[in-house]
Amino acid sequence: MTFEKNFTTYDKNAIVQKKVAANLVEYIKNDISLSKAMNKVIELGCGTGIFTREFLSKNNPRYLILNDFFDVEKYLSDLDYNEFIQGDIESLTFPKADMIISSSAFQWVNSFEKLIDNISQSSDNLAFSLYTKGNLKEIDEHFNISLNYLANNEINQILKKRFRDINFMKETVILEFNSPLEALRHLKNTGVTGFQKTSISKIRSFASCTLTYEISYFICKA
């Protein structure tokens, strides 16, 4: 993962991540019961604050805790939050919260089940988005480089062990580029690939001008 090396170019190139952030905020907004869970909110994997900004534009949590694996506080200086916790979301112990939120982050974890177990100890309400099986299929098919994306049925099975009420929706976003090189440059600038593990000849032979994103959104209640 090269994400931390690309923070300076991330926001400009995070086209899909911005769309996903806006969609997740709208999904949360449409669930009336979650409007009562805004006293204490924790965001996991906040990154440069793309989702945080979108969330705060529509919500006013009384106490907001932000978390990321990396020290990203300098990118969050314009945001109104109360506390930042740096660390791995699979092993951190989080304080009790009314709701935990996260956008475009959970696909990075080693064990989704361990993460959900951890989250369920902290809050009865969870709203998140993540990328699912088939995401960036063009990259996987050509380079054989991919995260271990879960299918929606696998995600639901894990969530059902800890949450009683689960709602989800999914979407496919296809980005089109003028050239294969432009598509690869887009991914490099968001830091979500492992191209350092491949050869120059493999990069030059990449022929796709499209990138396919598979995204799912979940709202879970205990």
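Which residues does Val-41 touch, not counting residues up to four places away in sequence? This tour of a predicted model begins at that residue.

**Stop 1: Val-41**

Select Val-41, which lies in strand S1 (residues 40-43). Then display Phe-55, Pro-61, Tyr-63, Leu-64, Ile-65, Met-99 and Ile-101: these are the residues that Val-41 touches once those up to four places away in sequence are set aside. Val-41 has a relative accessible area of 0% and is therefore buried, as that term applies to values under 20%. For a sense of distance, select Lys-19 as well: 22 residues separate Lys-19 from Val-41 along the chain, and their C-alpha atoms are 22 Å apart.

**Stop 2: the sheet around S1**

Next, select strand S4 (residues 99-103), which pairs with S1 in the parallel sense over three bridges. Within this pair, Met-99 of S4 stands opposite Val-41. Now extend the selection to the whole open sheet, whose seven strands follow the order S3-S2-S1-S4-S5-S7-S6 with mixed pairing. At its edges are strand S3 (83-86) and strand S6 (165-176), each of which pairs on one side only. On average, neighbouring strands of the sheet are turned by 15° against each other, direction ignored.

**Stop 3: helices across the sheet**

**Stop 4: the nonpolar cores**

The largest nonpolar core has 45 residues; select Ile-28, Phe-55, Ile-139 and Tyr-213, which touch the most other members. Helix H2 (residues 15-29) supplies the largest share of this core, seven residues. Another core, of 26 residues, lies apart from it and includes Ile-42, Ile-85, Leu-92 and Cys-220. In soluble globular proteins, nonpolar side chains tend to be buried together.

Return to Tyr-213 and show its contacts beyond four places in sequence; among them are Val-16, Tyr-131, Leu-136, Glu-171, Val-173 and His-186.

**Stop 5: a pair of helices**

Finally, what is the angle at which helix H4 and helix H6 pack? Select H4 (residues 112-120) and H6 (residues 152-159): the angle is about 35°, and the axes are 10 Å apart. The crossing of H4 past H6 is right-handed. Show Phe-112, Glu-113 and Ile-116 of H4 together with Ile-155, Ile-158 and Leu-159 of H6, as these residues make the contact. By class, five are nonpolar, one is charged and none is polar.

Conventions:
Residues numbered from 1 in each chain as written. Predicted model: local features only at pLDDT ≥ 70, side-chain atom pairs only at ≥ 80, totals over all residues. Heavy atoms only, no water. Core = buried A, V, L, I, M, F, W, Y, C linked by side-chain atoms within 4.5 Å. Buried < 20%, exposed > 50% of the residue type's maximum accessible area, 1.4 Å probe, protein only. Helix = DSSP H or I, 4+ residues; strand = E, 2+ residues; numbered from the N terminus. Contact = heavy atoms within 4.5 Å. Axes fitted to C-alpha atoms, helices over the stretch in contact; angles between N-to-C directions. Left-handed = near helix turned anticlockwise from the far one by under 90°. Nonpolar A, V, L, I, M, F, W, Y, C, P; charged D, E, K, R; others polar. Pairing = 2+ DSSP bridges.
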